[in-house]
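Student: Could we go through the aromatic rings of this structure together, taking the pairs and their surroundings one at a time?
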Amino acid sequence: MVFDLLSSHTSIRSYKKKVFSKEEVQELLTVAQHAASSHFVQAYSVIWVTDEQLKKKLGQLSKNPKQMETAGAVFVCCVDFKRLHFAGLMNDTTIVTDTVENLLVGTADVAIFAQNLAIAAESKGYGICYIGGVRNNPNEISEMLNLPDRVFPVFAMTMGVPDELHEVKPRLPVEAILHENSYDSEKYHSLLPAYDKTMEDYYASRGANQKVANWTKSMTDFLKEPRRPHIKKFLKEKGFSLK
Ligand SMILES: Cc1cc2nc3c(=O)[nH]c(=O)nc-3n(C[C@H](O)[C@H](O)[C@H](O)COP(=O)(O)O)c2cc1C
């Protein structure tokens, strides 16, 4: 049942040895491609990293070595306006790719595609982990994977047979993310302390990596400084001057 599959998701960061065949990867990616796409631009590409040396390097550069090195398959998911640029040239036109709007379009496209891929993989019993860590060293990773201008990595996805089992992480209560007709921030006064308690209990009692933590404090620590400030310059160099 799709509802059970979706609500049993946990990120898997360690995998049993298994190599994916080309046929299986093609099958998974083909079904994921049926994701909706803004104006049908299909503004994404995937680099399937099969070379063990490259995988190791990617693990180091993204600072997520265990996922990359044990994964049966590693996919670097990129926003891609290169192909659209080609489409423009085929029609004797240089299309405009370097706007903030296109950045949003491409990022939404690749994320929706990737989540389809995640669900397809999980429906076959595989585990996945998104690796936003590829944005730690985007220049080096782009060079290593030969990514041209108008293409940049947003995240990677590792995939494989799970070698670990986790309790499902409790999400925010639906009332926190659902607003009827008009946005209501007042409710956070009561909902967030209650969610902190839920998360405190979860972190204190989960099977592995127990800790004393709650959600609001973790998010505050995570977001109190600018995250990855190098990204703006990187995007500019890749042809996204964010007009
Ligand atoms: C875009 C994106 C990037 C992520 N990057 C990383 C990452 O670099 N390393 C990692 O271990 N987990 C990463 N995650 C996984 C999240 O930490 C995880 O989804 C979140 O903590 C919720 O846990 P769950 O997926 O087990 O429910 C990422 C998730 C998303 C959606």
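Student: Does Y183 count as buried or exposed?

Tutor: Bear in mind that this is a predicted model. The relative accessibility of Y183 is 60%, and since the class of exposed residues begins over 50%, Y183 counts as exposed.

Student: How are the rings of F20 and Y126 arranged?

Tutor: The structure holds eight aromatic pairs. In the pair of F20 and Y126, the centres are 4.7 Å apart and the planes stand at 55 degrees, so the arrangement is tilted.

Student: How many residues apart in sequence are the parts that the pair of F20 and Y126 ties together?

Tutor: F20 belongs to the loop between β1 (15-16) and α2 (22-32), whereas Y126 belongs to the loop between α6 (100-123) and β4 (127-131). F20 is buried at 4% relative accessibility, and Y126 is likewise buried, with a relative accessible area of 11%. The pair therefore ties together parts whose separation in sequence is 106 residues.

Student: Which residue has its charged end over the ring of F20, and at what distance from the centre?

Tutor: A charge over a ring is also found at Y203, where K211 lies over the face at 4.8 Å from the ring centre. For F20, the residue is K18, whose charged end sits over the ring at a distance from the centre of 4.9 Å.

Note on methods:
Residues numbered from 1 in each chain as written. Predicted model: local features only at pLDDT ≥ 70, side-chain atom pairs only at ≥ 80, totals over all residues. Heavy atoms only, no water. Phe/Tyr/Trp six-rings, centres within 6.5 Å; stacked < 30°, edge-to-face > 60°. Helix = DSSP H or I, 4+ residues; strand = E, 2+ residues; numbered from the N terminus. Buried < 20%, exposed > 50% of the residue type's maximum accessible area, 1.4 Å probe, protein only. Lys NZ or Arg CZ within 6 Å of the ring centre and 35° of its normal.
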